[in-house]
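Please find below a colleague's note on the model under review. The points are numbered so that each may be answered separately.

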Amino acid sequence: MFTLEWIGNFGFSVLRLSTPLIYAGLAAVISAKAGMMNMALEGMMLVAALAGVVVSGMTGNLWIGLAAAILFGVITGGVIAFASISGKTDLYLTCIATNLAAAGGTVFAMYLLTGEKATTSAAIRAYTIPSITIPVIDKIPVIGPMISGHNLLTYVAFFSIWAVWFFLKRTRLGLRLRAVGENPTAASSVGISVKNIGYISFLLSGVLCGLAGAFMSMGWVSFFMKGMINGRGYIGLSASNIASANPAGAGIVAVFFGFTDALATSLKSGSSFPSEFIEMIPYASTMLAVVVIGIIRTNKARKVAKGGH
Amino acid sequence: MAKEILRMENITKIYDNGFVANKDVTFWLHEGEILALAGENGAGKTTLMKVLFGLEKPQTGRVLLNGEDANIKNTLDAIGKGIGMVHQHFMQVPSLTVAENVLLGIEPMKNGLFDFDKAVEMTREVSEKYNFHVDPLARICDLSVGQKQKVEIMKVLIKGAKIIIMDEPTAVLTPQETDELFEQLLRLRDDGHSFIFISHKLEEVKRICSRITVLRRGHCLGSYDLSDMSEADISRLMVGRDVVLQFEKEDPTPGDPIVKVRDLVKINADGKRVLDGLSFNIRAGEVIGIAGVEGNGQSELSDVLSGMDGFASGTVELNGQSIEGKSVFEIRQQGMSLIPEDRMIHGAAGDMSICDNIISDRYFKPGYKKGMFINKKYIENIADEYIKEYQIACDNKKQAVRYLSGGNIQKVVVAREFTTGGNFIIANQPTRGIDVGAAELIRKAIVRKSREEGTATLLISADLNEVLGCSDKLFVMRKGKIVAVFPKASEVSEAELGEYMLGLKTMTEKEMEGLL
Amino acid sequence: MNRTSKVEFTVELVRIVTAVAIAYAVALITLFVISDDPVYIIQQFVLGPFSSPRRIGSIINLAIPFTFTGLCMCFMYAVNKFNLSGEGIFMISGCVISMVALKLGNSLPAPIAIAVLFVVGAGVGAIISGIPAIMEAKFKANIVVASLMLNNILVFLAIYLLKYKMRDNTIGFLGSLPLPEVIKFPAVFGKMRVQAGIFVAVIAVILVALLFYKMVFGYKMRVVGNNPQFAKASGINMMGTIIGAQLVGGAIAGMGGTVEILGNYDRFQWTASTQHGFDGLMVAVLARKNPLLVPVAALLLAYIRIGADVVNSKGDIPIEFITIIQGIVILMVAADEFMGGFKKKLIYKAAAEELAAKEKAAQKTA
């Protein structure tokens with residue numbers, strides 16, 4: 001089983017499955033840095049996934065579809081920002097309501113547009129974002145099949161880790177966003193609008209969720225399917241929480257979760273073990289990771305408190 | 001005389017709830033002057049400064065800068081017009097570097113990106129020019145409190161402020177850091193900056209200020225040249241009461257010690273010793289008052305004695321048992337009751353009824369419950385009793401306390417805490433911000449309870465009338481220590497008290513021996 | 001002062017009614033726009049649920065699970081924890097009690113067997129809701145994420161149990177062996193065919209209301225939810241109360257799953273999450289976490305759902321459009337600013353009137 005070829009394929013599958021988690025993790029990082037917990041990643045990704053498929057199918061242009069996915073991610077982010085920041089609705093409730101509405105809303109919209117309720121695969125012509133073979137590298141054994149030939153958006157995802165870091169660290173907006181997240185009164189005392197920064201963080205979160213959604217429906221598969229995000233938004237959020245909203249850390253944790261996902265997939269095909277338990281692996285590992293990190297953090301805090309005496 | 005750069009004329013500010021924070025206050029500042037602004041909490045200093053800094057709009061009056069009407073619209077406008085404020089609680093982002101904090105809001109840019117190198121350079125320039133010695137690349141969270149304050153001043157300077165408001169800047173500093181700060185302030189003053197220095201500390205005011213403006217209850221008492229005044233004069237101005245309330249009470253007949261505190265030390269998150277080796281007893285039937293400028297350890301003492309917070313070393317005994325490591329519940333069972341400092345945070349649940357609020361400490365006791373159920377009838381009768389006894393003005397006992405006035409909410413809190421059945425009461429600012437009638441009723445109740453039931457009472461209050469009137473014995477706290485003890489509170493003059501509160505005098509251990 | 005409380009109550013009521021009305025209007029407009037035969041479809045949506053006793057019965061039948069999960073969310077809401085495990089609990093409890101029922105067969109008399117099943121269902125619910133509750137309290141985990149991950153796991157666990165422990169291989173779909181006759185709830189109210197679980201639901205509402213407003217534990221819960229700082233200063237055990245409330249909430253969701261199976265099914269056959277847990281969130285928000293209002297909110301939601309169902313079967317409209325409406329309602333009811341201006345105006349007006357009245361009285365005495 002563990003041939004070189006298998007390792008290469010497995011690595012490929014890890015990176016592929018990590019892609020949406022990386023985007024979700026980074027989207028959560030941006031919101032977290034602005035001081036908010038974005039639990040609506042799930043809904044934002046779902047809306048974007050549908051928008052991408054539908055618009056690319058309607059216009060016959062892949063890239064317009066991608067743009068639409070991003071646009072709808074951003075719009076959903078804007079709705080959440082409006083409700084929670086301007087409407088002063090509890091952010092938790094807003095996000096939960098958004099996810100509920102997105103789960104039903106996408107099916108509804110899909111039905112109106114295609115007459116289907118489960119998937120668009122039959123009704124809408126599929127467009128997929130191209131995969132890219134990296135010359136030279138693809139010839140290297142093991143590593144070549146692992147990192148070459150991925151969907152464009154997979155490479156963009158890894159690039160985004162750097163981009164988000166750069167944005168937060170090197171741009172004025174990023175600096176202000178971090179300032180607002182850590183100490184809103186300090187930021188507003190020097191004339192920075194906390195409200196505007198809150199909006200911006202959700203809109204940027206929307207861009208990343210748009211890419212994630214597009215990857216799901218125009219890369220991973222080539223159609224939209226009811227509930228296709230399947231908890232990935234929450235797993236991405238956990239990645240950000242575990243990494244304390246550090247972009248590189250969130251990326252690493254996302255790849256770890258991608259690894260468990262890939263493990264589950266490969267186990268399913270090769271064993272007689274009930275598949276239900278294998279399906280639980282990504283969720284169970286998320287819960288486990290959250291607990292482990294919680295134990296580490298409380299121990300650390302306890303040590304600090306003891307040292308203080 | 002130097003030229004007058006700021007004048008605030010006839011400022012009157014009334015808040016939406018009708019509270020008059022400033023009434024016809026007139027106030028001026030010369031160029032190159034350090035002016036002390038003094039007054040008790042709630043005297044209107046903060047409101048006046050908020051008006052100046054564009055955070056509040058006054059009903060009447062105007063602000064003149066260099067003789068011209070300034071019409072300050074908002075904070076940004078105030079900053080633009082050369083006014084800067086160093087807040088008591090630093091307005092900083094801990095994980096960012098000094099340079100990033102200093103230039104937040106006015107970041108230098110290059111090619112559309114934040115120019116970090118330029119920011120560092122600009123920060124270094126200011127730091128060197130005024131001898132701040134702060135590393136622009138250090139993170140705020142790694143700095144000492146004194147350095148953080150320097151960053152705060154640099155933030156103001158880099159925006160070109162000429163008039164700088166400093167809100168109790170030394171409250172968090174060590175003596176060495178304070179010295180350093182004062183040197184810098186004097187240097188900046190000589191450089192043409194003007195300061196409004198809000199402080200409760202007499203020696204500091206005396207050291208660096210040339211003039212003092214005193215506010216009391218929203219009114220301006222006047223501005224005085226400090227060079228003509230003795231320390232005693234200043235102390236009288238800073239600590240004073242408008243009316244001396246006569247308060248009749250019998251002499252106490254103290255019994256055995258209920259509370260024994262020995263060498264109590266508490267260290268806060270910043271590593272500061274907020275309680276620094278306190279030792280004292282509170283005996284049955286005796287009201288001990290704690291006077292002192294706020295922020296000298298009084299709240300921490302209340303937190304430690306009530307179990308809301310722990311302590312580092314020392315012992316605290318209540319009715320013969322240690323309270324170390326015990327929960328609030330356990331300490332309450334041992335006989336403690338608490339009238340907390342802020343009634344809407346720790347004293348009451350706003351959305352719940354009077355009935356619900358008076359049983360929060362005893363819902364589990366027989367009588368208050370029947371099996372698993374709350375004994376509604378019994379509780380309602382008791383609520384009716386309390387409403388009558390404490391004259392709580394309400395529609396009925398089922399009204400949510402949020403709808404009551406502050407004084408009546410406090411009466412609900414007092415009614416509960418006075419009937420817990422304990423023999424030790426912590427009354428932390430029991431009459432803050434409530435009407436005269438309610439305050440009078442609560443004060444009388446405190447004294448009556450100690451006389452009739454032999455309760456040991458610890459009364460912490462910033463209201464001098466209250467501590468002088470209600471207490472039997474009086475302690476003065478400063479910097480986490482007891483600096484004076486008066487066995488008979490009624491015989492203390494407020495001038496004398498002020499001198500201890502402001503650090504002019506400190507009793508020696510010998511003088512206090514046997515009194516604690 | 002009394003005026004202010006009256007104003008707040010009135011505004012609250014008006015707000016909720018308005019929110020529901022707006023959402024309903026959005027639903028009607030949506031139907032109007034997308035349907036080929038709007039008049040007929042709208043008529044079906046509005047009146048369809050009342051068109052036959054059977055349908056009215058369906059509203060009530062659907063409101064029963066909503067009531068249980070709504071009560072469950074009232075507990076979570078009361079201590080300010082968004083523990084969403086009710087969704088998974090509903091399903092897994094239904095699954096576990098089906099297994100137990102199959103094991104018991106017809107061996108026990110009906111009342112005892114049913115009592116056993118309720119205890120099992122409630123126990124499963126309490127244990128499961130305790131997992132995210134403890135993860136949050138002890139390990140500072142995000143409770144929403146923890147409970148949702150748990151829900152996903154529970155779905156697969158239920159499917160596993162169904163497939164490997166109680167599958168009936170003789171039928172053409174994935175379903176359990178037939179449940180024993182003795183435990184099945186009868187239908188009541190004649191033609192409406194309401195399941196007898198309604199009595200359990202009514203009892204549950206009454207018990208929960210008693211717990212909330214009359215019992216010691218409910219009192220603690222309300223203090224902790226209303227002002228945790230005050231609870232601490234009063235010496236109330238916060239962590240115990242917060243976790244305890246979630247356990248009770250979970251137990252009630254578990255009973256909901258039990259009632260659903262006993263009342264409506266011949267076999268256990270859920271292979272996907274029922275969504276009733278999330279519906280419970282909406283019910284609790286609408287009821288403003290007051291258990292006595294939960295059945296009202298549940299009936300309202302059930303009416304809209306059945307309306308959508310009717311429309312779904314009669315025409316070209318998928319039932320999912322209702323979830324959008326649901327989202328709108330939750331947001332509008334929960335938004336502080338929605339009609340906030342209206343409230344302020346009324347309060348100012350009341351204050352002014354009060355002042356004028358006082359002045360008048362003062363003049364008279366003068």
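1. The coordinates come from a predicted model. The remarks below should be read with that in mind.

2. Extent of the interface between chains A and B. Chain A brings 18 residues to this contact and chain B brings 22 residues. Together the two chains bury about 1800 Å², and carbon and sulfur atoms account for 64% of that area. On the side of chain A, three residues stand out: Leu175(A), Glu182(A) and Val190(A) provide 31% of the area that chain A buries against chain B, more than any other three residues.

3. Polar and charged pairs between chains A and B. Two salt bridges are counted between chain A and chain B. Arg176(A) and Glu107(B) meet through their side chains in a salt bridge, with an N to O distance of 2.7 Å. Five residue pairs are in polar contact across the interface of chain A and chain B, both residues of each pair being at pLDDT 80 or more. The elements of chain A that give two or more residues to the side touching chain B are helix H6 (152-170), helix H7 (172-182) and helix H8 (184-189). H7(A) makes the largest contribution to that side, with six residues. By class, the side of chain A that touches chain B consists of seven nonpolar, six polar and five charged residues.

4. Extent of the interface between chains A and C. Here 44 residues of chain A touch 45 residues of chain C. The buried area is about 3800 Å², with 80% given by carbon and sulfur atoms.

5. Composition of the interface between chains A and C. The count of salt bridges between chain A and chain C is two. The side chains of Glu276(A) and Lys163(C) form a salt bridge at 2.7 Å, N to O. One residue pair is in polar contact between chain A and chain C, with both residues at pLDDT 80 or more. Four helices of chain A each supply at least two residues to the side touching chain C: helix H3 (62-86), helix H4 (91-114), helix H10 (232-242) and helix H12 (275-308). H12(A) gives the most, with 14 residues. The side of chain A that touches chain C divides into 25 nonpolar, 13 polar and six charged residues.

6. Salt bridges between distant parts of chain B. Over all chains, the count comes to 38 salt bridges. Lys13(B) and Glu56(B) form a salt bridge through their side chains at 3.6 Å, N to O. Lys13(B) belongs to strand S1 (residues 4-14), while Glu56(B) is in the loop between helix H1 (45-52) and strand S4 (60-65), 43 residues apart. Lys13(B) and Glu56(B) are both buried. A further salt bridge joins Lys481(B) and Asp276(B), whose closest N and O atoms are 3.4 Å apart. This pair links strand S24 (residues 481-486), which holds Lys481(B), to strand S14 (residues 273-283), which holds Asp276(B), the two residues being 205 residues apart. Lys481(B) is partly exposed, its relative accessible area being 41%.

7. Helix-to-helix salt bridge in chain B. Glu417(B) and Arg332(B) meet in a side-chain salt bridge at 3.1 Å, N to O. Glu417(B) lies in helix H14 (residues 406-417) and Arg332(B) in helix H10 (residues 328-333) of chain B, so their pairing ties together parts that are 85 residues apart in sequence. Both Glu417(B) and Arg332(B) are buried.

8. A buried arginine of chain B. Arg443(B) is located in helix H15 (residues 436-453) of chain B. Is Arg443(B) buried or exposed? Its relative accessible area is 8%, so Arg443(B) is buried. The side chains of Arg443(B) and Glu466(B) are joined by a polar contact of 2.8 Å.

9. S1(B) pairs antiparallel with strand S2 (residues 20-30) over seven bridges. Arg7(B) stands opposite Trp28(B) of S2(B). S1(B) also runs antiparallel to S4(B), joined to that strand by five bridges. Leu6(B) has Leu65(B) in S4(B) as its bridge partner.

Conventions. Residues numbered from 1 in each chain as written. Chains lettered and ligands numbered in written order. Predicted model: local features only at pLDDT ≥ 70, side-chain atom pairs only at ≥ 80, totals over all residues. Heavy atoms only, no water. Contact = heavy atoms within 4.5 Å. Buried area = accessible area lost by both parts, 1.4 Å probe. Salt bridge = Lys/Arg side-chain N within 4 Å of Asp/Glu carboxyl O. Polar contact = N/O pair within 3.5 Å; in protein donor to acceptor, adjacent residues only side chain to side chain. Nonpolar A, V, L, I, M, F, W, Y, C, P; charged D, E, K, R; others polar. Buried < 20%, exposed > 50% of the residue type's maximum accessible area, 1.4 Å probe, protein only. Pairing = 2+ DSSP bridges.
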